[in-house]
Amino acid sequence: MQQDAPDTGLFTPLEFAPTRQRQNLALAVLLVLGGLGLAWAAAGQVRAAGWVWRLAAAAAVLLPCVLLARVLWRHAGRRGPVLRLDARGISGALLQPPVPWDALEDAQLERGGVLRLQRRADAEHPDQPSGWLRRNPARPRVSLHLLSLRQQDIAYDAIHARLDVLRQRAGTGEAASRRAARAEEAFETHLDALVPTPWALYTVVAANVLVWAMNWAAGLSPVRPLSPELFAWGANAASAVVLDGQWWRLLTATFLHGGIVHLTFNMLGLWEAGKQLCRLLGNGQFALVYGASALAGSAASLHYAAQNSVSVGASGAVFGVLGALLTASWHYRHLVPATNLRRLWTGLGFFVGYSLLHGFTQENVDNAAHVGGLACGMLLGLLLLAPIDRLADGARRRTRAAAAGGLALAAIGYGVLATPIPTVWHGQLYAAQEVLPDIGRRFDQAFRQLALEGQRLQRGEIRQPAFLENAERAVAPVCTTIVEELAPLRVPQWDQTGQLVQMYQQICAITARSLALEQAIVRRDPNLPADAQAQLARLSGEMQLRMRQLAEASRRAALPTRPQRIPRAPASQP
């Protein structure tokens with residue numbers, strides 16, 4: 001027995017005590033607090049529903065957070081080592097009874113600190129999931145999140161150092177997980193050699209952050225900028241692109257964000273997938289995927305959200321990167337290690353599906369941009385040639401990239417040209433909203449002066465000719481200027497801003513006709529219509545009606561009635 005000790009080390013106990021208990025306790029507390037905040041927000045989203053639905057929405061968000069926090073709290077409070085290796089096998093606070101060495105086939109350390117053991121199946125430990133938790137007796141799992149990353153690696157290497165000796169003695173060779181880990185490490189090293197620095201990713205992230213910082217420096221809210229402000233900076237809108245010919249908005253909108261939270265989620269969603277795509281396809285082809293997907297997302301948005309609202313955000317490009325990574329990894333699945341593919345497809349597939357589903361259930365998310373960017377990215381991921389492809393030299397990769405980029409641009413151009421006629425003309429609308437406050441001030445001053453002159457006429461302080469002369473002097477120049485300023489604006493009359501524009505124009509026209517008719521009556525113009533008094537009475541009644549409508553429309557316009565910006569939801573949320 002003792003002769004075997006130097007050879008295998010199986011009988012030398014090795015314990016791994018927890019070192020991250022405080023971090024896990026703090027994480028459990030943060031999970032509960034974060035869950036309470038998310039539950040409050042979820043209940044607010046269904047405020048219009050009854051209290052039962054609000055309570056259900058809050059519980060659906062809070063319950064998973066509490067359950068996970070409970071698990072973390074219980075694990076952090078356990079006594080004894082997290083993992084122990086000795087002559088009996090592998091055991092620990094969360095693994096009892098021990099797994100004997102002679103029953104162990106393999107061990108795999110997964111991301112997140114989960115040690116997955118594979119033991120030889122027998123009658124007591126069948127290799128088959130059972131129970132509602134789907135636990136597999138032949139594949140027990142041990143959570144190592146109470147250990148530091150270095151401790152986890154040491155434990156994993158120690159297990160395989162002992163397991164390798166036993167497998168060699170039994171003639172079964174190296175464990176599958178060790179071969180897979182070595183292949184994965186070699187693949188990652190090869191990618192690092194091909195693309196040492198993902199500078200294209202760093203560039204687009206820096207550009208997005210820089211534009212947000214410039215917005216803040218220019219006076220926009222860093223948390224929730226207004227739609228007209230984003231439109232002035234280049235937000236996407238179907239009317240501006242199709243009617244005003246401002247195609248550049250398809251690109252500029254992808255570098256604008258609806259606040260720091262929107263920007264943060266998008267950049268977090270881009271970061272990891274972007275690094276992997278940069279290393280797989282190279283910096284130049286990553287830039288092609290990012291730019292083409294951004295434009296494709298904006299073009300798709302013209303058919304939906306950007307018809308009525310302004311749209312901003314990089315998530316069309318982010319979804320394009322995700323889609324390209326999915327299809328490119330599938331295209332080169334014979335070159336990418338199986339463990340990489342399984343982890344990549346599982347994570348990205350769930351993430352993309354969840355993000356799209358979330359977008360379809362939220363009114364203020366531009367999901368058309370997500371779908372457009374995703375479709376473009378998936379197509380480019382299939383067409384582009386990766387540097388790991390030994391059959392494709394640099395010239396062939398560049399030729400294929402040029403052809404793929406041309407195809408994407410053609411599809412984007414068709415999408416823009418096929419855009420339906422927009423229902424909101426944002427440029428005209430925001431121009432009207434900018435001038436209406438000053439027009440309303442001048443209009444009120446002029447007609448207040450007209451009302452004072454009317455009171456003087458009623459009190460007998462002035463006569464009718466003087467009243468008409470003063471009224472003409474007070475109102476006519478102001479109305480002429482207002483009509484000239486509003487005439488070029490083509491705002492839909494069904495919009496509240498358009499109604500205000502129309503009412504100012506109508507009231508000014510009625511005022512001009514009324515004053516002209518009264519002057520003709522006073523002068524006893526020979527061309528005076530026989531029903532002049534009746535016409536004047538009708539104009540007076542119409543004036544009073546328009547004035548009441550103007551007051552009501554002005555009151556409504558004081559509420560937030562501007563078309564809302566539609567941020568493109570962060571690809572992860574994220």
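Predicted model: local features only at pLDDT ≥ 70, side-chain atom pairs only at ≥ 80, totals over all residues.

Student: Which residues make the contact of helix 10 and helix 11?

Tutor: Helix 10 contributes Leu270, Gly274, Leu277, Cys278 and Leu281, while helix 11 contributes Asn283, Gln285, Phe286, Val289 and Tyr290. By class, 7 of the residues in this contact are nonpolar and 3 are polar, with no charged residues.

Student: Which members of the largest nonpolar core touch the most other members?

Tutor: They are Leu270, Leu277, Phe286 and Tyr290, in a core of 71 residues. Helix 13 (residues 315–331) supplies the largest share of this core, 9 residues. Another core, of 36 residues, lies apart from it and includes Leu436, Leu468, Met503 and Tyr504.

Student: What does Phe286 touch, leaving aside residues up to four places away in sequence?

Tutor: Phe286 touches Leu270, Gly274, Leu277 and Cys278, and also Ala200, Leu201, Val204 and Val321. Leu270, Gly274, Leu277 and Cys278 belong to the helix 10 side of the contact with helix 11.

Student: What makes helix 17 and helix 18 roughly antiparallel?

Tutor: Their axes come within 9 Å and cross at roughly 170°, helix 18 being residues 464–486. The cut-off for roughly antiparallel is an angle over 145 degrees, and helix 17 and helix 18 are therefore given that description. Their contact has 16 nonpolar, 5 polar and 4 charged residues.

Student: How is the pairing of helix 17 with helix 19 described?

Tutor: The axes of helix 17 (residues 426–458) and helix 19 (residues 496–523) come within 10 Å, with a crossing angle of roughly 35°. This crossing is left-handed. On the helix 17 side, the contact is made by Leu429, Ala432, Gln433, Leu436, Ile439, Gly440, Phe443 and Phe447. Helix 19 contributes Thr497, Leu500, Val501, Tyr504, Ile507, Cys508 and Thr511. These residues divide into 11 nonpolar, 4 polar and no charged. Leu436 and Tyr504 are also among the members of the core of 36 residues.

Student: How do you know whether Asn340 is buried or exposed?

Tutor: Asn340 has a relative accessible area of 9%. Buried means under 20%, so Asn340 is buried. Asn340 is found in helix 14 (residues 338–361), and its contacts, not counting residues up to four places away in sequence, are Glu184, Phe187 and Glu188. Ala181 is 159 residues from Asn340 in sequence, yet the two are 9.7 Å apart in space, C-alpha to C-alpha.

Student: Why does Val424 count as buried?

Tutor: Its relative accessibility is 8%; the limit is under 20%, so Val424 counts as buried. Val424 lies in the loop between helix 16 (394–417) and helix 17.

Student: What can be said of Ser91 and of the bond joining Gln96 and Pro97?

Tutor: Ser91, in strand 3 (residues 89–92), has a relative accessible area of 2% and is therefore buried. Among the residues that Ser91 touches are Gln96 and Pro98. The peptide bond joining Gln96 and Pro97 is cis, with omega about -5°. Pro97 lies in strand 4 (residues 95–99). In general, most peptide bonds are trans.

How values were computed. Residues numbered from 1 in each chain as written. Heavy atoms only, no water. Contact = heavy atoms within 4.5 Å. Helix = DSSP H or I, 4+ residues; strand = E, 2+ residues; numbered from the N terminus. Nonpolar A, V, L, I, M, F, W, Y, C, P; charged D, E, K, R; others polar. Core = buried A, V, L, I, M, F, W, Y, C linked by side-chain atoms within 4.5 Å. Buried < 20%, exposed > 50% of the residue type's maximum accessible area, 1.4 Å probe, protein only. Axes fitted to C-alpha atoms, helices over the stretch in contact; angles between N-to-C directions. Left-handed = near helix turned anticlockwise from the far one by under 90°. Parallel < 35°, antiparallel > 145°, perpendicular 65-115°, else oblique.
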